[in-house]
Amino acid sequence: MNTQKVVITHRVHPGVVEYLSRHYDVIPNETPGALDRETLLERCRDAAAVMVFMPDWIDAAFLDNCPKLKVVGAALKGFDNFDVAACTQRGVWFTIVPDLLTVPTAELALGLALGLMRNVLPGDRFIRSRKFQGWRPSLYGAGMTGATIGMVGMGAVGKTLAQRLMGFDIRQILYTDPAALTPEEEKRLGAKQASFQDILAQSDVLFPLTPMTAETFHLIDETALAAMKPGSYLVNVSRGSVVDEAAVAGSLAAGRLGGYAADVFELEEWTREDRPSVIPEMLLDNVDRTLFTPHIGSAVDGVRYEIAMQAARNIVQALSGQRPEDAVNEPVR
């Protein structure tokens, strides 16, 4: 066995640990929780590689305390929690898993929208209250048929979601993206490019599907919410801070926004100095017009196994002296 050390920050399938253990001295995290910063630093001080996940963040100070580190293998797609420039300057590869999260995330986005619009959670609570006596004219919601869908961002997840919406007899998909679709793609997906303001004003269901950047921080804020079609629905599976959660809570309370569903939350933005530590109580208390899942966009068992395995393959390639398949930088040697 190679004596190089590989640290895994979160629990993964045993097969992933077994694969890496054929090559290296692997230090896994066998608990369901995240390692605290001090424990992670201690484990990584003499490590050649670390496999990281969404709750982790690596900066220059972390790298300076891990002089033997050669590769950070991220089991994720969006990587703004990690200082890639600092990795590059210190000769450390940074790799991601670019494709495997797309389909399950799009599926969950659709599931959240349908669950929210059709009052699935309130209906479930009513059944469990043991008050159900048969059909009554209650819990009227909204349907997808004839709806205008808005997508702010039309990357891989947006295209995959659009494909799945085609069977619902929706009216149209309006989208905005810095890279416009080709006319052929627009026809195939039933999508039409529009301005951000037009999307807000016309959409019955709005999906922000953007990465987290300075430009997209609180993209859906009080002003954007006020411009949305009254009674429309907002579904966020992208990044928590793309949406201003306090503003959403206020819009729901005012009866303007029809409902809000999310799989991602502002408290997950580890690099934000003003990161909130909790989800607003006003949002959590609005149980009839919200639907939340705990960041399970890619939580399909086989998919999570493949994501971690691809991150592991990237690590093996880097430690073998090869360029990792999914590297996003070129380390300074």
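Colleague: Which residue's side chain meets that of Glu 185 in a salt bridge?
Modeller: In this predicted model, the salt bridge of Glu 185 has an N to O distance of 3.5 Å. Glu 185 lies in helix H8 (residues 183-189) and its partner in helix H7 (residues 156-165), so the pair ties together parts 26 residues apart in sequence. Glu 185 is partly exposed at 22% relative accessible area. The partner is Lys 159.

Colleague: Is Lys 5 buried or exposed?
Modeller: Lys 5 sits in strand S1 (residues 5-8), and its side chain meets that of Asp 46 in a salt bridge of 2.8 Å, N to O. Buried means under 20% relative accessible area. Lys 5 has 15%, so Lys 5 counts as buried.

Colleague: Where does Asp 46 lie?
Modeller: Asp 46 is partly exposed, at 39% relative accessibility. Its salt bridge with Lys 5 links distant parts of the chain, 41 residues apart. Asp 46 lies in the loop between helix H2 (37-44) and strand S3 (49-52).

Colleague: How far apart are the closest N and O atoms of Glu 266 and Arg 272?
Modeller: Glu 266 is buried, with a relative accessible area of 5%. Arg 272 is buried too, at 16%. The two form a salt bridge, and the closest N and O atoms are 2.6 Å apart.

Colleague: How many salt bridges does the structure hold?
Modeller: One of them joins Glu 266 and Arg 272. Asp 80, Arg 239 and Glu 269 are linked in a network of salt bridges. The structure holds 14.

Key
Residues are numbered from 1 along each chain as its sequence is written. This is a predicted model: local features need pLDDT of at least 70, side-chain atom pairs count only at pLDDT 80 or more; totals for chains, interfaces and linings use all residues. Side-chain values use heavy atoms; hydrogens and water are left out. A salt bridge is a side-chain nitrogen of Lys or Arg within 4 Å of a carboxyl oxygen of Asp or Glu. Helices (H or I, at least four residues) and strands (E, at least two) are DSSP runs, numbered from the N terminus. Buried means under 20% relative accessible area, exposed over 50%, partly exposed in between (1.4 Å probe, protein chains only).
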